Structure formats: structure tokens, C-alpha cells
Amino acid sequence: MYFGHYNAKCCHNVFPDPSLARFLCAELTRGYFLEHNEAKYTERRERVYTCMRIPRELEKLMIFGFFLCLDAFLYVFTLLPLRVLLALLHLFTLPCCGLRGSLLLQPAQVCDILKGLIMVLCYSMMHYVDYSMMYHLIRGQSVIKLYIIYNMLEVADRLFSSFGQDILDALYWTATEPKERKRDSIGVIPHFIMAVFYVFLHAILIMVQASTLNVAFNSHNKSLLTIMMSNNFVEIKGSVFKKFEKNNLFQMSNSDIKERFTNYVLLLIVCLRNMEQFSWNPDHLWVLLPDVFMVIASEIAVDIIKHAFITKFNEITADVYSEYRASLAFDLVSSRQKNACTDYSDSVARRMGFIPLPLAVLLIRVVMSSVNVQGALSYSCLLLFYLGMVTLKVLNSIVLLGKSCVYVKRANMEDKLFERPSTAAPGKTPSRTRKTSRCTSNKQRHVVTSEIFLTTKEEEGMEGTELKHRTPKKDLLDVDRFTICGNRID
């Protein structure tokens, strides 16, 4: 009774005249006091502005990463053959010049010769794989089965990329480590055989992907192509509603860059195969272009939606993509130094998980089977095409280096370029182990994350000040060693 009386009294205070007309009048004329909750609505407005900035900032990062992958990809066709020839010339002229040093070849020359041998052997092995038979075998399958196969191929490609760079690094280190040290490895030849089989199997995997995509392009009702594009939107469900830190989003961005570049090369292979089947009729190219643009547009739309909602749900600003771009630029600039620990193409491979060797082997195989090179005129055109690729590679490298210097300067990272990587003293725990042991708690993981991306804004407060006194400025080079092919930083 008391509560009923109290509720009636409250209703009487709110509505003095408890009638239907009075209630409707109050509902139609009541006001909103938005200024009483200014902070909340300002935050909501900033979220909208952040989502509107995401496409522009994300595409800046994607374009920069695309040209990084293109630079590493063109390196395999242009400068790597010349470096292999110089290394072989140096090796063959040693008996005439005399042995002046303890090493026959420099470590970089050994790695170049190994890459060249892997390319030649894998290309020779690819001749035993019939692309046409694979295409007709895939075309005879049902649509649902092809959709499942394509999803399995995407997963297998990521697994191959993750483990492939480790196989290649193990080969390079086994072939170039100091001879006076006791080897714990199984030898150079077994590592070389593993690397050859890895590159060959990865190239076969990419060939099956290209064949499946080619079947989707040539299907009459385009149902398979529609299903494959809708598969990109399923990716949004698997990533948007998860918790993401800055370093995890960075790894996802690098993976998206690598995936987008690989898809462009796959589309190029599909266009080459289709143009060959139609005797290089230019009219057929206009038939392929709408489907090509549709695939590219769906990929871009999915990336924008995915990153927009990830940054919204995890309260990450759009400026983080500028930090990611500065990190990639730092990798490129630091790899151009005299005291660089790795080549810039290997740096891109470690950061993005992009390994150009299998993709290059497959593209050479498709081009050589699609284009008939005979006669002096054909070889002259091939030489001109090679010189054009060299020119494109040099121009791309110059522009990338200039842009990278600008990004590094904006991020105030110039001082890090002149620091030599420190080596651990004998009998002491390496710095990697010490840093890994420090990253056990969530708070310390947040500190290391802020250290990785070098946030120039003073948003970390006293935590950032403590970080400067705790560790020297060598984090990005260490991150490059830790994040091989996009592995997690924990």
C-alpha cells in the first residue's frame, strides 16, 4: 500500500493532470538537455570523425606497403640476377687473383647464390606441373567444393608464409655462420633441400589459387566469383568483435597489405592465362576488367569496414596508421645503412610475411608458357622489357627512400638510425630474453607496445618517462627480429 501510494504521488508530481491529452502534449513538446552530457556526445562525435578518417589513413598505409612489396618483388627479377652473376664472377676469378682472405665469398654473396639456385631449381621443377590439366581438374568440381578448397588454400598460404621465412633464414644462417663455431645444425645441403621443396610447394599452392580464381572468372553465371568475394565479408565477423591492441592491429595491417599485393599478382596471372587462350585479343581484356575491378573493390571495401570498426570498438585513433607507416619506413631506411643486419627485401618479408620467391617462380612459369620468345626481335623486346623493369625498380626505390626519410623525420626517429645493434656479453642473458621476461603483465605489455610504435605524443605520462630510462632506443630493430612473418609480440 505504501509503495502504491508513493508511485501515485510521483506520477501526480510529474503529470499534474493525469489525462491522455496532457500526456500526448508532454511527449510532443518535451525538450532535450544535451548540454548536460557534453563529454559523452563529444566522444561519440569524435568516433564518427575517426571512422571518416580511417579510409584515407588506411589507404595511405596500404599504398606505401604495396610499393614496398613491389620493390621487394621487382628485386627478384632485376637486381638479384645481377648480384648472382657478380658473386659467381668473383668466385670463378679467385684462382687468378689469389686468396687474400679466409672467406671465398661474402655472406651476402652466399645468400644471393643460394636464392638464385633455389629459383632455377624450382623453375625447372615447375615445368613438370601442367597448368592446363590443373585448371580442368578444378573446373570439374562443384561450386561448394571449390569454395571450401579456396578457403583451405588461404589458410595454407598463411601457414606456408609463416614457416617459410624461418626455413630460408635457417638456410642463410647455416651457410654463413662462422666456421670456427661448433655447428648444431644438420648441414647446408639438408637445409637447402628443405628450402627448395618449400618454395616449390608454396608455388604450387599459389598456382592452385590462381587456377581456382581463373575458374571463377570463366564460369558462366559468376556464382563462384560472387561466393569468393562474399568470403571476404566473412572476415569482418571473425576480426571486428575481438580485442585488439596496437601491435595486433599493426600485424593485421601488414597481413592485409601482403594479401592485397598477392591478389593483384593472382589477377595478373589470371589475365595472362585468359589472354593467351584468346590469342591475345584486346577485346577480351575489356570483358575481364569488370570482374577484376569488382574483386579489387570488394577487397578494399572489406579492409575499410574491418579497420573502421576495429578502431571504433577498441578506441584507437586514426593517427595510429601514421605510426605504422613510420615503422615500415624505419625498416626501409635502416636496411640501407652500411651496418644493416639484413637486406630490405628480407626486412619486408619479416614484417609483412611476404616472401617473393614462390610468387616470382610462378609468375616466371606463367609468363614463359604464355609468351613465345623466338627470333632476334623477341629477344630484343625481352631485353627492353628487362631494362624497363630495372628502371621501374630504381625509380620505385628512390621514391620510397625519399618518402621513408620524410616519415621517419616526422616521427622523430632519426636518432635511432645511427645506433648500432648491441650484442649480449658472454655468459649473460640476451636482451631479447630480458625483454620477453619483462612482458608478463598487462601493464608492462602496454609499455612495450608504446615503445614499439614510438608515440611522439605525451599520452603515456610518467609511464613513458620511466620507459626512456629503462631501455635504450633500439626497439624497432628488435621488433624486426621478433615479428618474423607477423608472429605475435607477447
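The following exercises, each with a worked solution, concern the predicted model shown above.

Residues are numbered from 1 along each chain as its sequence is written, and side-chain values use heavy atoms, with hydrogens and water left out. Because the model is predicted, local features need pLDDT of at least 70 and side-chain atom pairs count only at pLDDT 80 or more, whereas totals for chains, interfaces and linings use all residues.

**Exercise 1. Overall composition**

Solution. Helices (H or I, at least four residues) and strands (E, at least two) are DSSP runs, numbered from the N terminus. Buried means under 20% relative accessible area, exposed over 50%, and partly exposed in between, with a 1.4 Å probe and protein chains only.

**Exercise 2. The pair α11 and α15**

Task: Determine how helix α11 is oriented relative to helix α15, and identify the residues that meet.

Solution. Step one is the geometry: the axes of α11 (residues 246–277) and α15 (residues 356–370) come within 10 Å and cross at roughly 15°. Axes are lines fitted to C-alpha atoms, for helices over the stretch in contact, and angles run from 0 to 180 degrees between N-to-C directions. Step two is the classification: angles under 35 degrees count as roughly parallel, over 145 as roughly antiparallel, 65 to 115 as roughly perpendicular and the rest as oblique. Helix α11 is therefore roughly parallel to α15. Step three is the contact (heavy atoms within 4.5 Å). From α11, F261, V265, L268, I269, L272, R273 and E276 meet L359, L362, L363, V366, V367, S369 and S370 of α15. By class, this contact has ten nonpolar, two polar and two charged residues. Here Ala, Val, Leu, Ile, Met, Phe, Trp, Tyr, Cys and Pro count as nonpolar, Asp, Glu, Lys and Arg as charged, and the others, Gly among them, as polar.

**Exercise 3. The pair α3 and α16**

Task: Classify the orientation of α3 and α16, and give the classes of the residues in their contact.

Solution. The axes of α3 (residues 38–77) and α16 (residues 375–410) come within 9 Å and cross at roughly 140°. The two helices are therefore oblique to each other. Residues of α3 in the contact include F64, F67 and L68, and those of α16 include Y386, M389 and L392. By class, the contact has twelve nonpolar, three polar and three charged residues.

**Exercise 4. Interior positions**

Task: Name the residues that touch the most other members of the largest nonpolar core, and decide whether S253 is buried or exposed.

Solution. A nonpolar core is a set of buried Ala, Val, Leu, Ile, Met, Phe, Trp, Tyr and Cys residues joined through side-chain atoms within 4.5 Å. Of the 104 residues in the largest one, I118 and F217 touch the most other members. Helix α9 (residues 188–218) gives the most to this core, with 17 residues. S253 lies in α11 and is buried, with a relative accessible area of 0%. Not counting residues up to four places away in sequence, S253 touches L61, M62, H307, Y321 and Y324.

**Exercise 5. Positive phi in loops**

Task: Locate S279 and N412, and describe the phi of S279 and of N412.

Solution. Most residues other than glycine have a negative phi. S279, in the loop between α11 and α12 (282–313), has a positive phi of about 55° although it is not a glycine. S279 is exposed, with a relative accessible area of 61%. N412, in the loop between α16 and α17 (414–417), has a positive phi of about 55°. N412 is exposed, at 57% relative accessible area.
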